[in-house]
Amino acid sequence: LMEQGFLDQPHISGGRVPTDKGYRFFAEQIVSRDSGTSALRERLREVFEDNSDLKSLVENLDSFLPGLRMGWQRDGGEFYKAGLDELFSELSKNAETWNLKDVQSVLKDLENAEEKIQEIDEEMEETGSYFKVFIGEENPVVRSGELSAIGICGGGGAPVDLFLIGPKRMDYERNIALMKELQRLINDVR
């Protein structure tokens, strides 16, 4: 796996860790199948139905999607984000790889997150790809190699886009399943 570029050994005495290519392969396997428990999906459906506006939905997804959650209302141009504290709490678990310059870079990128999400929305709409996982350096919202993003574009007239930004070592299986379910719920509303 190391020779094929799926694993790396950053330190001579350390273990092996997945590379972006390894995470990409893993995420693609998850996206291609239907995963997640029905109980978790039912709880997510309840939160979705209890939060009729995008702002409250983005704020109240915290128990499901730890990390920075962002939503863009396509027809009204409204943009909401919540969970920045959760994102940095997750990142602090790997504090040895972060420094002040990294944090400043992420915060600067987030100042332009709304414009970046609109650009991603246009790109996803053009390609007809309404669900996308961005691993590490691929992440167009935040240029940190230590962060990944999962994005859903409403597509076909659906009113909102949702993005989750989290550490590259996030729980892809759970987060992808939940984001796919959110996409189904959003598309059912339109």
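Colleague: Which helix gives the largest share of the lining of the second largest pocket?
Modeller: H3, with three residues. This is a predicted model: local features need pLDDT of at least 70, side-chain atom pairs need 80 or more, and totals for linings use all residues. Residues are numbered from 1 along each chain, and side-chain values use heavy atoms, without hydrogens or water.

Colleague: What's the volume of that second largest pocket?
Modeller: About 230 Å³, taken as the space filled by probe spheres set on the grid points. A pocket here is an open set of points on a 1 Å grid where a 1.4 Å probe fits, with protein on both sides within 12 Å along at least five of seven lines; lining residues have an atom within 4 Å of a point.

Colleague: Which lining residues are closest to its centre?
Modeller: Phe-48, Ser-52, Asp-53, Leu-54 and Val-160, out of 14.

Colleague: New topic. How many aromatic pairs turn up?
Modeller: Two in the whole structure. Ring centres must lie within 6.5 Å; planes under 30 degrees apart are stacked, over 60 edge-to-face, the rest tilted. Tyr-23 and Tyr-172 have ring centres 5.7 Å apart and planes at 45°, so they are tilted. That pair joins helix H1 (residues 20-31) to helix H7 (residues 172-189), 149 residues apart.

Colleague: And how do the rings of Phe-26 and Tyr-172 sit?
Modeller: Edge-to-face, with centres 6.5 Å apart and planes at 85°.

Methods
Phe/Tyr/Trp six-rings, centres within 6.5 Å; stacked < 30°, edge-to-face > 60°. Helix = DSSP H or I, 4+ residues; strand = E, 2+ residues; numbered from the N terminus.
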